[in-house]
Amino acid sequence: MFFVQTNANTQKGDSAMSDTYRVFTVSNEVMEGAEVDIFEGFPAIVIGEDDDTSFSGYAPFSSAVPVEGILDEQSRLLFAEIKKTRKGEMKFLARHRATAGDGVIVVIRATMGYEGFNWITGGCTGWQCRKCSTTGEIPCPPKTCPNCGARNFWSSPVLSFADFPGEILARGQIVSTLVGAGEQIIALVQKGGVFRIGYIHSTSGESRYCGYYVCDGTRITAVPSHTK
Ligand SMILES: [Zn+2]
């Protein structure tokens with residue numbers, strides 16, 4: 001079942017709310033606009049999933065932000081104003097151009113594989129030892145902590161990440177076929193914001209893939225990761 005989920009932290013001043021933002025979708029690539037689906041009979045950007053036929057043990061759920069206004073021929077939302085309904089729920093008003101140069105709306109449709117987890121964060125801030133909390137700089141964490149010598153799987157240094165650089169407007173969850181789960185989100189990302197989508201294997205804990213993306217205020221661009 002679909003339901004609308006909103007975030008209490010999205011309240012902004014009137015002037016900011018009347019800006020119109022470019023909309024991008026990030027999945028395995030970056031695309032302009034976002035696909036509009038039908039949700040409870042109305043157009044909406046929908047994330048997450050409802051199909052609970054996997055064996056993952058995690059519950060998927062979808063979430064949606066309703067869309068009002070005229071879309072292009074492909075039913076994609078390219079530019080949108082963010083509005084609150086009288087009940088305090090969020091909606092997107094489709095527009096013909098963007099006025100804001102300090103952020104974009106991004107629909108992150110991270111995918112899931114057979115088994116594993118994904119997580120969506122800000123950029124990499126360095127590494128931290130899980131045993132003694134010693135920190136260090138990127139590009140990569142040492143296999144053995146230079147302070148305490150921790151080196152096994154559960155205590156060795158790992159990468160640390162900044163918070164997601166913007167406001168989360170909606171969250172949904174997808175699940176792996178076998179074991180695992182991950183997020184999909186709709187967010188307003190600020191200019192200069194860097195975010196990362198990482199995937200790890202459920203049992204080995206090994207990082208399988210990650211993507212870094214940067215917002216220049218009007219666009220989202222995939223950037224080469226300096227870490228793996
Ligand atoms: Zn240590």
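What follows is a chat about the strands, loops and cores of a predicted model.

Me: What kind of model is this, and how are residues numbered?
Reply: It is a predicted model, in which local features need pLDDT of at least 70, side-chain atom pairs count only at pLDDT 80 or more, and totals for chains, interfaces and linings use all residues. Residues are numbered from 1 along each chain as its sequence is written.

Me: Start with β16. Is it mostly covered or mostly open?
Reply: Mostly covered: eight of the ten residues in β16 (181-190) are buried. Buried means 20 or more other C-beta atoms within 10 Å of the residue's own; exposed means 12 or fewer, partly exposed is in between, and C-beta atoms are placed from the backbone. Strands are DSSP runs of E, at least two residues long, numbered from the N terminus.

Me: Which strands pair with β16?
Reply: β10 (103-108) pairs with β16 in the antiparallel sense over six bridges. β15 (166-175) is also antiparallel to β16, with nine bridges. Two strands count as paired if DSSP finds at least two bridges between them.

Me: Which residues have the most contacts inside the largest nonpolar core?
Reply: Ile 45, Leu 77, Ala 80, Val 106 and Ile 186, in a core of 40 residues. A nonpolar core is a set of buried Ala, Val, Leu, Ile, Met, Phe, Trp, Tyr and Cys residues joined through C-beta atoms within 7 Å.

Me: What does Ala 80 touch?
Reply: Leaving out residues up to four places away in sequence, Ala 80 touches Thr 20, Tyr 21, Val 23, Phe 92, Leu 93, Ala 94, Arg 95 and Ile 105. Contact here means C-beta atoms, placed from the backbone, within 7 Å.

Me: What is in the second core?
Reply: That separate core has five residues, including Met 112, Phe 117, Val 175 and Ala 181.

Me: Different topic. What is the strand order in the open sheet of four?
Reply: The order is β11-β17-β18-β19, with antiparallel pairing. β11 (117-122) and β19 (220-223) are the edge strands, each pairing on one side only. From one strand to the next the twist averages 25°, taken between N-to-C directions on a 0 to 180 degrees scale, with axes fitted to C-alpha atoms.

Me: How many bridges join β18 to β19?
Reply: Four, with β18 (207-215) running antiparallel to β19.

Me: Which loop holds Ser 133?
Reply: The loop between β12 (124-129) and β13 (135-136). Ser 133 has a positive phi of about 70° although it is not a glycine. Most residues other than glycine have a negative phi.

Me: Is Ser 133 buried or exposed?
Reply: Ser 133 counts as exposed, because it has 11 C-beta neighbours inside 10 Å.

Me: What about Ser 75, where is that?
Reply: Ser 75 lies in the loop between β6 (62-68) and β7 (76-77). Its phi is positive, about 55°, and it is not a glycine either. Ser 75 is partly exposed, with 13 other C-beta atoms within 10 Å.

Definitions and conventions: Two residues are in contact if their C-beta atoms, placed from the backbone, lie within 7 Å.
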